[in-house]
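I opened this one to see what a protein and its partner look like side by side. These are my notes, in the order I looked things up.

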Amino acid sequence: MSEHDIRVRFAPSPTGPLHIGGVRTALYNYLFARKNGGKFILRIEDTDQTRFVPGAEDYIIRAFDWCGIEFDEGVTKGGDYGPYKQSERKAMYKEYADRLMVSGHAYYAFDTAEELTELRKKFEAKKETFTYNAAERKRLKNSLALTEAETQKLLEANTPFVIRFKMPEDQTVRMDDLIRGTIEVQANVLDDKVLFKSDGMPTYHLANVVDDHLMKISHVIRGEEWLPSLPLHVLLYDAFGWETPQFAHLPLLLKPDGKGKLSKRDGDRLGFPVFPLQWTDPKTGETTRGYREDGYFPEAFINMLALLGWNPGDEREIFSLDEMSAAFSIERVGKSGSRFNPEKAKWFNHQYMLKKSNKELAGQFLPFIKKEGVIADIDYIEKVVGLVKERAHFVHELWDQADFFFKAPSEFDPKAVKKRWKQVSYDQMTELKTLLSGLDNFSSGNAESVVKKWIEEKEYSMGAVLNAFRLLIVGALKGPHLFDIIALIGQEETLRRIEIGLYELGRKE
RNA sequence: GGUCCGUUCGUCUAGCCAGGUCAGGACGCCAGGUUUUCAUCCUGGUAACACGGGUUCAAAUCCCGUACGGACUACCA
C-alpha cells in the first residue's frame with residue numbers, strides 16, 4: 001500500500017439513531033472513496049461510556065445496509081487496522097497521551113469537575129468566560145503549576161487526573177479545508193482541551209487523531225460542527241510529529257422552516273422522518289418514524305440526500321449510487337447549510353417509482369394487497385402497477401389508485417353519481433352491456449373502437465356515456481384509461497360490474 | 001459574550017476561483033394544452049444576487065465594512 005492511498009472514515013458515536021445529516025456525511029465519504037478508488041472505513045467512537053445506548057450501533061449498521069452504502073473496513077467487515085471500535089483500543093490511547101507528556105505537549109490536571117463548574121459560575125457572574133488556558137492554568141491544580149514533588153504525591157495517592165493539551169502561546173494555526181479554503185486562528189484564544197479522561201478513556205480529540213493516523217486516513221470529511229476543534233487537531237498532529245490528513249467540513253442540514261439545524265422535533269412537527277429507519281428508544285419506549293417505514297425507496301432517499309449540499313455541475317438530478325460515485329467531487333460541495341425540503345423528497349421517490357420495473361413494484365405492492373384480504377396473481381398485479389404507478393409517490397399509495405382492479409366498487413362516489421348518472425344513463429349502460437357481451441376481442445383497443453363507434457352512431461354524448469361507464473367500473477371518476485381497465489379485469493367482470501351498478505344506481509327519475 | 005463559518009428565486013442550486021450572458025435548471029405555485037375522468041405528461045408564467053462602500057470601462061463574481069444566520073465554547077462526540 002502506498003502512502004498516497006485514499007482512505008476515509010465515518011466515525012459515529014453509538015448514542016442513538018443516526019440522523020440523516022450523519023447519513024449524508026457518511027454518503028459523501030463513501031462517494032469520495034469510490035470516486036478515487038479509495039477505502040471507506042466504519043469506526044465506532046464509543047469513548048463516552050455514560051452515553052452508551054443499547055442497539056444504537058446495530059441501528060447504524062442496519063441503516064447503512066438499507067441505504068446500500070458499503071464499507072470496505074470496519075466493525076462488521078474487519079480489516080488490517082482494527083480493532084475498529086474505540087473501546088477495544090482503550091489500552092493504546094494512554095500510551096499516546098504519555099508521549100505528549102514526555103514531549104511537554106501535555107500535562108496532568110487534578111481539578112475536579114465540580115471545581116471547574118464552580119469556577120465557570122464565578123466567571124459567568126462577572127460576565128466573563130472561564131477558559132482553561134495559559135493565563136489560568138498557572139493558578140489551577142495541575143502539573144504545570146504544582147512542583148514536581150507535589151504532582152508526584154498526588155499521583156501516588158491515586159488522585160483522579162486528566163491529561164490536558166498544553167496549548168502553545170502566540171502561535172498562528174494555519175489550516176486548509178477542502179471546502180472552505182485556508183483558515184487561520186490564534187492559538188491564544190484556544191483552551192487546554194482534555195485529551196485523556198479520569199475514567200481512563202481518551203476524549204474524542206485524542207482518539208480521533210490517534211486512530212486517523214494509525215488507520216492511515218488520508219481525508220477527514222466530517223460535519224461543520226467540528227470546525228472549531230480543527231486547530232486543536234492540527235496542533236495534535238504537529239505535536240506527535242505526524243502528517244495531517246486533508247480536511248473537509250461539510251455544511252449543516254437546516255430545518256425546513258424557521259431557523260437552525262434540522263432536529264428530530266422538526267420531523268415530528270412537520271410530519272417527515274429525520275432518521276433512515278424507525279427507532280424505538282430502549283429507555284422510554286418511544287418510537288420515531290424512519291424513511292424506510294414511511295415508504296421511501298433507499299435509492300430515492302440517498303439521491304435526495306446527496307443533492308442537499310452537492311451538485312454535479314450539470315443539470316442531472318436522478319443518480320444511482322454508481323453514477324453519483326462517478327460524478328462526485330468534494331470541490332462541488334457547497335459551503336452553506338441546506339434547508340431540508342420534504343416536498344422534494346416526495347418528488348424524488350416518485351421519480352424512482354416511475355423508474356422501477358413493474359415486477360419489482362408488484363413484489364412490494366403484494367403485502368398491501370394481502371392486507372386488504374385480496375388474493376391476486378402476481379402477473380396481474382404487475383400489469384395493474386404498470387397502469388397506476390405514475391399516479392402515486394409511494395408503494396403504499398398504490399392501493400388507493402388501484403383498488404378497483406381487485407374488487408368491484410362497493411360504493412359509488414356520491415358527487416360523481418350526481419354529476420354523471422343521468423336519466424339516460426340507465427338505458428345507455430344497458431345497451432352498452434349488450435354491446436360488450438357480444439364482443440369476441442376484448443382488447444383495450446378493440447373495445448374502445450367498438451364502443452366509440454356505437455356512441456357516434458347513436459349520437460350519444462361521448463362524455464356522458466364514458467363517464468357513466470367509468471362510474472360503474474371504478475366507482476368514482478378516477479383511474480387510468482377506461483378501456484385499459486376493462487381489458488385487464490376482463491369481459492366477464494366488466495359485464496358483472498355494469499349489472500351491479502345498474503342495480504345499485506337504478507334508473508334516475 | 002468570545003472564536004470560527006456562512007449569505008443567489010419560497011426551497012435545492014448553476015454561475016464566483018480565472019469580472020462582461022435578458023442571472024440558468026429543478027421542486028413548489030399559477031395558467032394553458034393533452035387525457036372526453038383523475039393523475040402523469042407537455043408548454044408558458046411567477047420569483048433571487050442580504051445591505052453599504054471601494055477597485056474597475058464593467059462586479060453576483062475581487063476587496064473592506066455592516067446586518068443577519070449558524071456552529072462551537074464539557075473529563076460529549
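**Entry 1: the RNA**

I started with how RNA strand B touches the protein. Of the atoms of RNA strand B within 4 Å of the protein, 69% belong to sugar or phosphate, and the rest belong to bases. I have to remember that this is a predicted model.

Next I asked how many residues surround RNA strand B. I got 56, and the closest are Arg180, Lys197, Glu317, Arg391 and Met462. Then I sorted the surface near RNA strand B by class: 18 residues are nonpolar, 16 are polar and 22 are charged.

Which helix gives the largest share of that surface? I found that it is helix 19, with four residues. Helix 19 covers 462-474. Several elements supply at least two residues each, among them helix 4 (113-125), strand 5 (162-165), strand 7 (181-186) and helix 12 (342-355). Strand 14 (338-339) is also one of these.

- Asp48 has a polar side-chain atom 2.9 Å from a sugar or linking oxygen of RNA strand B.
- For Glu315, I noted 3.2 Å between a polar side-chain atom and a sugar or linking oxygen of RNA strand B.
- Arg332 has a side-chain N or O atom that is 3.2 Å from a sugar or linking oxygen of RNA strand B.

**Entry 2: the start of the chain**

I moved on to strand 1, residues 7-10. A general point I jotted down first: side chains in a regular strand alternate between the two faces of the sheet. In strand 1, Arg7 and Arg9 point one way, while Val8 and Phe10 point the other way. Are these four buried or exposed? I looked, and all are buried.

Strand 1 has strand 2 (residues 39-42) as a parallel partner, and four bridges join them. Across from Arg9, I found Ile41 in strand 2.

Four bridges hold the antiparallel pairing of strand 4 and strand 5. Ala109 has Val162 in strand 5 as its bridge partner.

**Entry 3: a hairpin**

Strand 6 and strand 7 form a hairpin, and I counted three residues between them. The two strands run antiparallel and are joined by six bridges. Asp177 stands opposite Gly181 in strand 7.

What sits on each face of strand 6? I wrote down Val173, Met175 and Asp177 for the covered face, and Thr172, Arg174 and Asp176 for the uncovered one.

Gly82 and Pro83 are joined by a cis peptide bond, with omega at about -5°. Pro83 lies in the loop between strand 3 (73-74) and helix 3 (90-102).

Asp170 isn't a glycine, yet its phi is positive, near 50°. I placed Asp170 in the loop between strand 5 and strand 6 (172-177). Asp170 is exposed, because its relative accessible area is 66% and exposed means over 50%.

Glu459 also has a positive phi without being a glycine, at about 60°. Its loop runs between helix 18 (444-458) and helix 19. Glu459 is exposed too, with a relative accessible area of 70%.

**Entry 4: one last residue**

Finally I picked Ala207, which is found in helix 7 (residues 204-214). At 0% relative accessibility, Ala207 counts as buried, because the cut-off for buried is under 20%. I also compared Ala207 with Phe394: they are 187 residues apart in sequence, and in space their C-alpha atoms are 43 Å apart.

How values were computed:
Residues numbered from 1 in each chain as written. Chains lettered and ligands numbered in written order. Predicted model: local features only at pLDDT ≥ 70, side-chain atom pairs only at ≥ 80, totals over all residues. Heavy atoms only, no water. Buried < 20%, exposed > 50% of the residue type's maximum accessible area, 1.4 Å probe, protein only. Pairing = 2+ DSSP bridges. Near = heavy atom within 4 Å. Polar contact = N/O pair within 3.5 Å; in protein donor to acceptor, adjacent residues only side chain to side chain. Nonpolar A, V, L, I, M, F, W, Y, C, P; charged D, E, K, R; others polar.
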